[in-house]
Amino acid sequence: MTDTSDPHAPVGRAPEPPADSKLTRAKRAWARQGKFLTGRMTRPEEERLPPGQHLVRDWPVLDLGMQPRISLDHWRLDVTGEVEHPISWDWATFRAQKQTQETTDIHCVTTWSHYDNRWEGLATRDLLDLVMPRDGAGFVLLHSYDGYVTNLALEDFAAEDALIVHSWEDKPLTTEHGGPARLVVPHLYFWKSAKWLKKIEFVVADKRGFWEENGYHNHADPWKEERYSDEE
Ligand SMILES: Nc1nc2c(c(=O)[nH]1)N[C@H]1C(S)=C(S)[C@@H](COP(=O)(O)O)O[C@H]1N2
Ligand SMILES: [Mo]
């Protein structure tokens with residue numbers, strides 16, 4: 001006798017809706033628009049390379065010239081400011097958090113883009129679940145071991161593909177690319193992706209970081225070519 005108690009058991013093929021019904025048309029439109037994906041919309045393939053960008057094969061190194069070496073024994077990540085549950089993690093505790101993998105593209109303001117980088121680390125959304133930002137917290141300042149600072153709106157930090165990564169292509173992130181751990185925010189120019197991440201500070205009022213003070217745009221959306229400052 002067949003057990004019919006399992007609701008997932010196959011019960012024969014569901015009838016296909018007619019190919020051009022109102023429902024299938026609506027579903028195709030939703031798929032095109034990336035509807036029901038939380039956060040930002042998926043982009044059609046022809047829009048993958050943002051305006052003014054060109055593809056490179058190698059992954060260039062860009063920073064202020066001082067590449068700090070932090071041994072895993074001395075590494076810490078602090079999460080401070082407008083949060084219910086501040087964090088101060090050592091390396092083992094950071095590595096014990098829930099892991100997420102994402103394959104995303106890099107777009108640098110200096111016009112190179114590098115496709116299909118496979119990252120692994122802690123999703124910023126999972127971090128937000130742990131620290132619980134307070135109501136007033138609208139912005140996030142990223143502080144790095146080389147003294148670099150960059151700023152993000154909370155909704156950009158919370159993007160569904162944003163990660164605090166420790167690995168690239170299944171290997172530990174190298175020092176030159178920001179290891180032990182860096183932020184990766186794929187939908188913004190790469191200067192927003194702080195290398196050698198040390199502290200994440202939640203704040204009420206926005207505060208421009210290093211490049212944002214030095215002529216770059218505060219928001220940095222590559223598809224809108226937000227390269228240079230939006231301020232006088
Ligand atoms: N801590 C820190 N993070 C940083 C920078 C920096 O100088 N210091 N430079 C930014 C810039 S301008 C870019 S383009 C990317 C470069 O990352 P990559 O060297 O891994 O390509 O890192 C960003 N993050
Ligand atoms: Mo950059």
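This is a predicted model: local features need pLDDT of at least 70, side-chain atom pairs count only at pLDDT 80 or more; totals for chains, interfaces and linings use all residues.
Colleague: Let's start with the overall picture. How many helices and strands are there?
Modeller: The chain has 5 helices and 11 strands. Of its 232 residues, 26% are buried.

Colleague: Why is Arg182 called buried?
Modeller: The cut-off is 20 or more other C-beta atoms within 10 Å. Arg182 has 22 such neighbours, so it counts as buried. Arg182 sits in strand β10, residues 182–184.

Colleague: What does Arg182 touch, leaving out residues up to four places away in sequence?
Modeller: Its contacts are Val165, Leu173, Ser193, Ala194, Lys195, Trp196 and Leu197. As for Leu142, 40 residues away along the chain, its C-alpha atom is 9.9 Å from that of Arg182.

Colleague: Trp196 is on that list. Is Trp196 buried or exposed?
Modeller: Trp196 has 25 C-beta neighbours inside 10 Å, and therefore counts as buried. You'll find Trp196 in the loop between β10 and β11.

Colleague: And what makes the backbone of Trp196 worth a look?
Modeller: Most residues other than glycine have a negative phi. Trp196 has a positive one, near 45°. Glu169 also has a positive phi, near 50°.

Colleague: Where is Glu169, and why is it called exposed?
Modeller: Glu169 lies in the loop between β8 and β9. Exposed means 12 or fewer neighbours. Glu169 has 12 inside 10 Å, so it counts as exposed.

Colleague: How do you know that the bond between Gly179 and Pro180 is cis?
Modeller: Its omega is about 10°, and the bond is listed as a cis peptide bond. Most peptide bonds are trans. Pro180 is in the loop between β9 (171–172) and β10.

Colleague: What about β6 with β7, and β2 with β3?
Modeller: β6 and β7 run antiparallel with 5 bridges, and Val140 has Leu152 in β7 as its bridge partner. They form a hairpin with 4 residues between them, and Gly147 in the turn has a positive phi of about 90°. β2 and β3 are antiparallel too, over 4 bridges, with Arg76 opposite Asp90 in β3. A hairpin of 5 residues joins β2 to β3.

Colleague: Which residues touch the most other members of the largest nonpolar core?
Modeller: That core has 37 residues, and the answer is Val140, Leu163, Ile164, Val165 and Leu197. β2 (76–81), β5 (112–123), β6, β8 (163–168), β10 and β11 each supply at least two core residues. Among the contacts of Val140 are Leu154, Phe157 and Ile200.

Key
Residues are numbered from 1 along each chain as its sequence is written. Chains are lettered from A and ligands numbered from 1 in the order in which they are written. Two residues are in contact if their C-beta atoms, placed from the backbone, lie within 7 Å. A nonpolar core is a set of buried Ala, Val, Leu, Ile, Met, Phe, Trp, Tyr and Cys residues joined through C-beta atoms within 7 Å. Two strands pair if DSSP finds at least two bridges between them.
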